[in-house]
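Keep the view open while reading.

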Amino acid sequence: MVEVDARGLSCPEPIMLTAEALKNEKGQIKVLVSEPVQKENVEKYAKSQGKKPTSKEVGDEFEIVIE
């Protein structure tokens with residue numbers, strides 16, 4: 001599983017990193033973000049690409065696994 005660490009980055013950087021990972025990786029991708037709005041944006045982007053995002057809160061950050 002590829003991990004994209006987008007914590008502390010501002011939009012659109014988490015989306016750009018996620019898009020790059022989706023383009024290059026066929027399996028699952030884990031995206032780490034630090035803000036709720038980033039989590040929502042990454043989830044929306046993944047869905048728009050026909051993927052299934054699953055999110056969970058880890059401490060005060062978020063982990064999104066995209067399948």
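Q: How do you know whether Lys30 and Glu63 are buried or exposed in this predicted model?
A: The model is predicted, and in it Lys30 is buried, as is Glu63. For Glu63 the relative accessibility is 15%. Buried means under 20%, so Glu63 counts as buried.

Q: What makes Lys30 and Glu63 a salt bridge?
A: The closest N and O atoms of Lys30 and Glu63 are 3.9 Å apart. The rule asks for a side-chain nitrogen of Lys or Arg within 4 Å of a carboxyl oxygen of Asp or Glu, so the pair qualifies.

Q: Why is the contact of Lys56 with Glu63 called a salt bridge?
A: The N to O distance between the side chains of Lys56 and Glu63 is 3.6 Å. The cut-off is 4 Å, so the pair counts. Salt bridges that share partners join Glu3, Lys30, Lys56 and Glu63 into one network.

Q: Why is Lys56 called partly exposed?
A: Its relative accessibility is 48%. Buried means under 20% and exposed means over 50%. The value for Lys56 lies in between, so Lys56 counts as partly exposed.

Q: What makes Arg7 and Asp5 a salt bridge, and how many salt bridges are counted by this rule?
A: The side chains of Arg7 and Asp5 meet at 2.7 Å, N to O. The limit is 4 Å, so this is a salt bridge. By this rule the count comes to seven. Arg7 has 36% relative accessibility and counts as partly exposed; Asp5, at 42%, also counts as partly exposed.

Q: How do you know that strands E1 and E2 pair, and in which sense?
A: Strand E1 and strand E2 (residues 29-33) are joined by four bridges. Pairing needs at least two bridges, so E1 and E2 count as paired. The sense is parallel. Asp5 stands opposite Leu32 in E2.

Q: How do you know that E3 and E4 pair, and what joins them into a hairpin?
A: Six bridges link strand E3 (residues 53-58) to strand E4 (residues 61-66), and at least two are required, so the strands pair. They run antiparallel. Thr54, for instance, has Val65 in E4 as its bridge partner. E3 and E4 form a hairpin with two residues between them, and Gly59 in the turn has a positive phi of about 65°.

Q: What makes E1 and E3 the edges of the sheet?
A: The open sheet has four strands in the order E1-E2-E4-E3, with mixed pairing. Strand E1 (2-5) and E3 each have a single partner strand, so one side of each is left without a neighbour in the sheet. From one strand to the next, the twist averages 20°.

Q: Why is Glu43 called buried, and which residues does Glu43 touch?
A: Glu43 is found in helix H2. Its relative accessibility is 17%, and buried means under 20%, so Glu43 counts as buried. Leaving out residues up to four places away in sequence, Glu43 touches Pro53, Ser55 and Ile64.

Q: Which residues touch the most other members of the largest nonpolar core?
A: This core has 13 residues, and those touching the most other members are Val4, Ile29, Val31, Val33, Val42, Ile64 and Ile66. Helix H1 (13-24), E2, H2 and E4 are the elements that give two or more residues to this core.

Definitions and conventions: Residues are numbered from 1 along each chain as its sequence is written. This is a predicted model: local features need pLDDT of at least 70, side-chain atom pairs count only at pLDDT 80 or more; totals for chains, interfaces and linings use all residues. Side-chain values use heavy atoms; hydrogens and water are left out. Axes are lines fitted to C-alpha atoms, for helices over the stretch in contact, and angles run from 0 to 180 degrees between N-to-C directions. Buried means under 20% relative accessible area, exposed over 50%, partly exposed in between (1.4 Å probe, protein chains only). Contact means heavy atoms within 4.5 Å. A nonpolar core is a set of buried Ala, Val, Leu, Ile, Met, Phe, Trp, Tyr and Cys residues joined through side-chain atoms within 4.5 Å.
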